Every structure is written in structure tokens, then in C-alpha cells.
Amino acid sequence: MTHLLKDLTPRQIVAELDQYIIGQKDAKRNVAIALRNRWRRMNSPADMQREITPNNILMIGATGVGKTEIARRLAKLADAPFIKVEASKFTEVGYVGRDVESMVRDLVEQAVNMVRASKKEAVQAKAQQLVEDAILDILIPPVKPANGQLGFENEKKDADAELNERTRERFREKIRSGEMDDRKIDIDVQQSQTPNIGIMGGSVDDLSMMNIQEMIGGMMPKRGKKRKVSIAEARKILLEEEAAKLIDMDEVKEEAIRKAEDAGIIFIDEIDKVASARSGNGGGGPDVSREGVQRDLLPIVEGSAVNTKYGVIHTDHILFIAAGAFHVAKPSDLIPELQGRFPIRVELQSLSEDDFYQILKEPKNALTKQYEAMLQAENVGLTFQDDALRELARIAFEVNSDVENIGARRLQTVLSHLMNDFMFDIPDVIGANAQVVITKELVSERLNGLVKNRDLSQFIL
């Protein structure tokens, strides 16, 4: 990961984010600096590494302006474990929601999956060889060569072994080329007998419950079950088993904890929902619960040790990015201690009509490109004229202004309404090799009526 970050300067990080997210330059600059600071910390003198803490970021902006997407793309860029949680799910009015520490456990789980997948790739070739051998042993059991026998019997056994080996190699080639994928064979599949346990009378937290289930699951004997499957399916099943045998899980756990501690990113969305607007008439009702969630979040963000089923993880160097619309509450309504733990505040701008146009046209994963790819699967060409994109952007912006501002998500509903008839008619009415051209006139004809009827657009868009 350090090697990966070394090649990513803040300017390069912003350039990479620009390929997927339009505008929001201030937010991109701040997350790029935060990411580069991780490499700087890991390459600073050892005595200072523990002292340098990440500058956590508070993003302020309406829904659909790119808060989550920036954080998610940043994590993907750095190959870092990433988890998104909603602060509001940790509480309900008067009731305790999920345990706040669960987000750190989820992050470690994500890190373990990432490290395991990476290790699996490293042993893939060896595991495939073992799987081929196992399938060949079922199809053509090996013949042992003659051992210390004399005469004609000895020569016959040697010839049988040689013929058997040649046959096995021919079949190996057929398995590799996929010629035998449909042939059925019997394989033994290991099944762990992990029981589903519930405990009555007394509360048990998530971690204790997982540990109890794992402990009892480990005591139960693993049973092999015979299954008749195609060779193609057998390769998948056996590959998982063989790769798991070749991977050292203790090494995976250690590396995953290290990766989560040094590179993990936790995105806390809807932080404004747990900020209580201070009205001066005393707290009560939901405000007490909201402040309780903030106080639970505080030690995690400040840095604490959290027990997970893979070991203890320290949260001191995890990067926390909090986000919220802050329509009702203000960032200053958060408790002072929590405010102090998010020193970088970034305000994301609402999207303009021109931003919508660029979102439809420029990003690698633009909605228009997604529709083109889907129709390509049906051998149908799709083209959006530039005027049509401008008109779509205008309509989406107008509906956002009149009904409810949901940011770039409005483009999905507008495009979906525009394209639904085509998606339904392909391939029955519009056959293969056809060309669909979206013009400004077509967009106006299909969408303008809905925009004018505001009552209807509230339900449809």
C-alpha cells in the first residue's frame, strides 16, 4: 500500500477523482492531502509515526452532490479498506441502535476479505494445479508403477503406468480447454456444522455472539458430503477449498489488522441527524439519544482499542470522513469534543445545470455510457446528441429546483423515464444491429409534459 501511495501525488489523486466526479474541487483537494499524508506518516521517523494523527474531514452538502462517491473512489484508489455507515442507525428515539464499535469490526472484516482475496490470487496457479489433479484422480485414478517386482509382471505394470500418465495428460488438456466442462462427476464437499445460536435472558453483544458461534462451530466435526456436479462447477468448489488450505489465516489476520489501522477509511454519513439543534429550552426526547450517539462515537474517532474476532485494532490512525446536509442542524450543534476531531470542514457546492451536463457526458461511469453498454449487450447502438444532453440537464435541474433537490440522483430518474420504452421494446420490437439516436426533440416530447405537471412529477421524478 505504501508503494501504491508513493506514486500518487495530491495532484494525481485529484486527476483520478476528476474522471468520476464533476466539480467539488475543494473537497477533492482536501481528501487528496489526507490520503498523501498517510504515506508521509508511514515514511516519517519511527518515533513520530505514532504522534501524527489524521486530519479527519467533515463534508457539508446536500444529498446527491458527491460526498459518498468522493470517499468511495478515494478508498478504491488507495486500495484501502472502506466502510460506510449511517450515524442515524446507531440510535432510534429512546432506543439503543447498533453498537457503535460495530463499524470498526465491519472495517476489519472488509480488510480481511481484501487481504484474503490478494493472497488467493498469489496461490491461484498452485491451487488450479491441485484442483486439476483432484479431478483427474476421479476421472482416471493413477496406476502405481511396479515396485521391486521382476519379469513380465514388472514390465506390464510399468507400461500401464506410462499409458495412464499419457491419458491423464490428454485429459488435463481437455479440462483446461473447457471441452469437458459439462461432464458430471462425484466430489466430496466439506461442510462445517455451525449451529444457529440464540441466547435468552440477558443481552449479549455482537462480538460475544460471533465468538460463541465460532467456538461451538470449531468443536463440531466437519462432515464431507457427496455431490454430483459438472466439472466446471467442481473446479470452482475445489478451487475455493484448495486456495483456503494454501493460505495462512494467521498471516491474513495480522496483515488485515495492520491494513485497517494504517489505511482504513470510515465514512460516517448523516452525521447531522445526530446533531441536536440547541434551542436553549433544555434537551429532551430524541436530543438525549442523539447526544448519546455522539458521545459513543467520540472515543472511536479519538483513538481507542476495539476488540474484533480477528484481534485488537487501534483506531488512532483510521481516517474518518463525516458527512451531512446540515439543513436543520449546524456543524456547531455537534458536541464540542466531536467538532474538534473533525478539523477539516469542506462545503460541497450544489450542482448547476452545466454540472449536470458534464456529469452526463464526461465521467468514465456516466449514466449515458452505462445505457450504451447495456444496449451493446443486445447489439443495439445508442447515441446521445449533444443538444439532448443539454436538454436532459436543463430538465433535471428544473425538477430539482421545483420539487426537491436530490442532486445528481435526479439524472437517474429522468434518464430512466426517457429510456424505459426503448429498454422494453428491445429486442422484440427494436431488433439487433439497430441504431437508437436520442435527440433534443425526443427528450422534450417525453419529459416536458411531466415537468409542467408539478403534482405528477412529485410522484414520478
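Q: At what angle do helix α15 and helix α17 pack?
A: Let's start with a helix pair in this predicted model. Helix α15 covers residues 367–376 and helix α17 covers residues 409–425, with their axes 11 Å apart. Angles under 35 degrees count as roughly parallel, and that makes α15 roughly parallel to α17. The packing angle is about 25 degrees.

Q: Is the pair of α7 and α10 roughly parallel or oblique?
A: Helix α7 (residues 124–139) and helix α10 (residues 231–246) have their axes 8 Å apart and pack at an angle of about 130 degrees. Roughly antiparallel would need an angle over 145 degrees, and roughly perpendicular covers 65 to 115. The two helices α7 and α10 are therefore oblique.

Q: Into which classes do the residues of the contact of α7 with α10 divide?
A: The α7 residues in this contact include Leu130, Val131, Ala134 and Ile135. Those of α10 include Arg235, Leu238, Leu239 and Glu242. The division is eleven nonpolar, two polar and three charged.

Q: Why is the pair of Phe356 and Phe397 edge-to-face?
A: A search of the whole structure finds one aromatic pair. The ring centres of Phe356 and Phe397 are 6.4 Å apart. Planes over 60 degrees apart count as edge-to-face, so the pair is edge-to-face with its planes at 65 degrees.

Q: How many residues apart in sequence are the parts that the pair of Phe356 and Phe397 ties together?
A: Phe356 lies in helix α14, residues 353–361. Phe397 lies in helix α16, residues 386–402. The pair therefore ties together parts whose separation in sequence is 41 residues.

Q: Over which residues is the pLDDT below 50?
A: The chain averages a pLDDT of 83, and 81% of the residues score at least 70. Where pLDDT is low, the predicted coordinates should not be read in detail. The stretch with pLDDT below 50 has one contact in the model beyond near neighbours in sequence, and it spans residues 279–286.

Notes. Residues are numbered from 1 along each chain as its sequence is written. This is a predicted model: local features need pLDDT of at least 70, side-chain atom pairs count only at pLDDT 80 or more; totals for chains, interfaces and linings use all residues. Side-chain values use heavy atoms; hydrogens and water are left out. Axes are lines fitted to C-alpha atoms, for helices over the stretch in contact, and angles run from 0 to 180 degrees between N-to-C directions. Helices (H or I, at least four residues) and strands (E, at least two) are DSSP runs, numbered from the N terminus. pLDDT is the predictor's confidence in each residue, from 0 to 100. Contact means heavy atoms within 4.5 Å. Rings of Phe, Tyr and Trp (its six-membered ring) pair if their centres lie within 6.5 Å; planes under 30 degrees apart count as stacked, over 60 as edge-to-face and the rest as tilted. Ala, Val, Leu, Ile, Met, Phe, Trp, Tyr, Cys and Pro count as nonpolar, Asp, Glu, Lys and Arg as charged, and the others, Gly among them, as polar.
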